[in-house]
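Subject: Structure handover

Hello,

Here is the structure I promised to pass on. My notes follow below it.

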Amino acid sequence: MNEELRRDLQTHAAEHEGADQGPVTPPREFPTPFSPEIVDAVIPATLVGPKVTFTGVEDPEAHLTAFHTQMLLVGGSDAVRCKLFMITLAGTAMAWFVSLPDGHVTSFPQLTKLFRAQYIANRAPPPPPHFPLPLFD
């Protein structure tokens with residue numbers, strides 16, 4: 001949904017020739033779990049968002065690993081990582097995110113801690129220990 005809004009804003013900006021082509025920050029219309037500093041952070045228009053989705057049933061560690069890997073390629077500040085992480089959430093995960101208290105999230109490490117705590121039950125079990133096979137004569 002947020003990615004769709006971002007594309008619509010970019011399309012709208014492109015339709016108005018001569019208008020400022022800089023990044024657009026939507027006005028605050030709804031409560032958000034993000035602090036004002038994160039809300040006000042601008043995502044560069046050239047930044048490509050991550051291509052992963054978390055619906056609430058996947059392994060949260062696998063999702064965080066995929067997200068971090070993609071963010072290594074594009075960079076971004078702590079606030080930008082928060083905003084881009086938000087757009088990877090869908091379904092019950094997005095419902096969890098919007099249920100967080102208004103202004104509660106102040107950093108990406110805090111957001112990942114909250115995320116892990118919420119979805120710890122979804123973690124994949126560790127692989128079984130590897131035991132050498134007995135040798136037979």
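Is Arg116 buried, partly exposed or exposed? Arg116 is partly exposed, at 35% relative accessibility. The cut-offs are under 20% relative accessible area for buried and over 50% for exposed, with partly exposed in between (1.4 Å probe, protein chains only).

First, the ground rules. This is a predicted model, in which local features need pLDDT of at least 70 and side-chain atom pairs count only at pLDDT 80 or more, while totals for chains, interfaces and linings use all residues. Residues are numbered from 1 along each chain as its sequence is written, and side-chain values use heavy atoms, with hydrogens and water left out.

Overall layout

The protein has 6 helices and 0 strands. Along the sequence the pattern reads α-α-α-α-α-α. Helices (H or I, at least four residues) and strands (E, at least two) are DSSP runs, numbered from the N terminus. Of the 137 residues in the protein, 31% are buried. The accessible surface is about 9200 Å², and carbon and sulfur atoms hold 63% of that. Areas come from the Shrake-Rupley method with a 1.4 Å probe; for residues, only the protein chains shown count as cover. Take the contacts (heavy atoms within 4.5 Å) between residues at least 6 apart in sequence: 67% of them join residues at least 24 apart.

Salt bridges

How many salt bridges does a search of the whole structure find? The search gives 2. The rule asks for a side-chain nitrogen of Lys or Arg within 4 Å of a carboxyl oxygen of Asp or Glu.

One pairs Glu61 with Arg116, with the closest N and O atoms 2.6 Å apart. Glu61 sits in helix 3 (residues 60-74) and Arg116 in helix 6 (residues 108-119), so this bridge ties together parts 55 residues apart in sequence. Glu61 is partly exposed, at 21% relative accessible area.

Asp78 and Arg81 also form a salt bridge, and here the closest N and O atoms are 3.2 Å apart. Both belong to helix 4 (residues 78-86), 3 residues apart, which is about one helical turn. An α-helix has 3.6 residues a turn, so residues three or four places apart point the same way. Asp78 is partly exposed, with a relative accessible area of 25%. Arg81 is partly exposed too, with a relative accessible area of 25%.

Helix 4 is mostly covered, with 7 of its 9 residues buried. These are Ala79, Val80, Cys82, Lys83, Leu84, Phe85 and Met86.

The largest nonpolar core has 26 residues. Such a core is a set of buried Ala, Val, Leu, Ile, Met, Phe, Trp, Tyr and Cys residues joined through side-chain atoms within 4.5 Å. The members that touch the most others are Phe34, Phe85, Leu89, Trp96, Phe97, Leu111 and Phe115. Helix 2 (36-40), helix 3, helix 4, helix 5 (92-99) and helix 6 each give two or more residues to this core. Helix 4 gives the most, with 6 residues.

Look at Phe85. Leaving aside residues up to four places away in sequence, Phe85 touches His63, Leu64, Phe67, Phe108, Leu111 and Phe115.

Aromatic pairs

There are 10 aromatic pairs. Rings of Phe, Tyr and Trp (its six-membered ring) pair if their centres lie within 6.5 Å; planes under 30 degrees apart count as stacked, over 60 as edge-to-face and the rest as tilted. The Phe85 and Phe115 rings have centres 5.0 Å apart and planes at 85°, so they are edge-to-face. Phe85 lies in helix 4 and Phe115 in helix 6, so the pair ties together parts 30 residues apart in sequence. Both residues are buried. Ring pairs also link Phe54, Phe67, Phe85, Trp96, Phe108, Phe115 and Tyr119 into a cluster.

Loops

Leu47 and Val48 are both in the loop between helix 2 and helix 3. Leu47 is buried, at 12% relative accessible area. Val48 is partly exposed, at 49%.

Pro31 lies in the loop between helix 1 (2-15) and helix 2. Pro31 counts as exposed, at 68% relative accessibility. The C-alpha atoms of Pro31 and Pro101 are separated by 8.5 Å, though the two are 70 residues apart along the chain.

Best wishes
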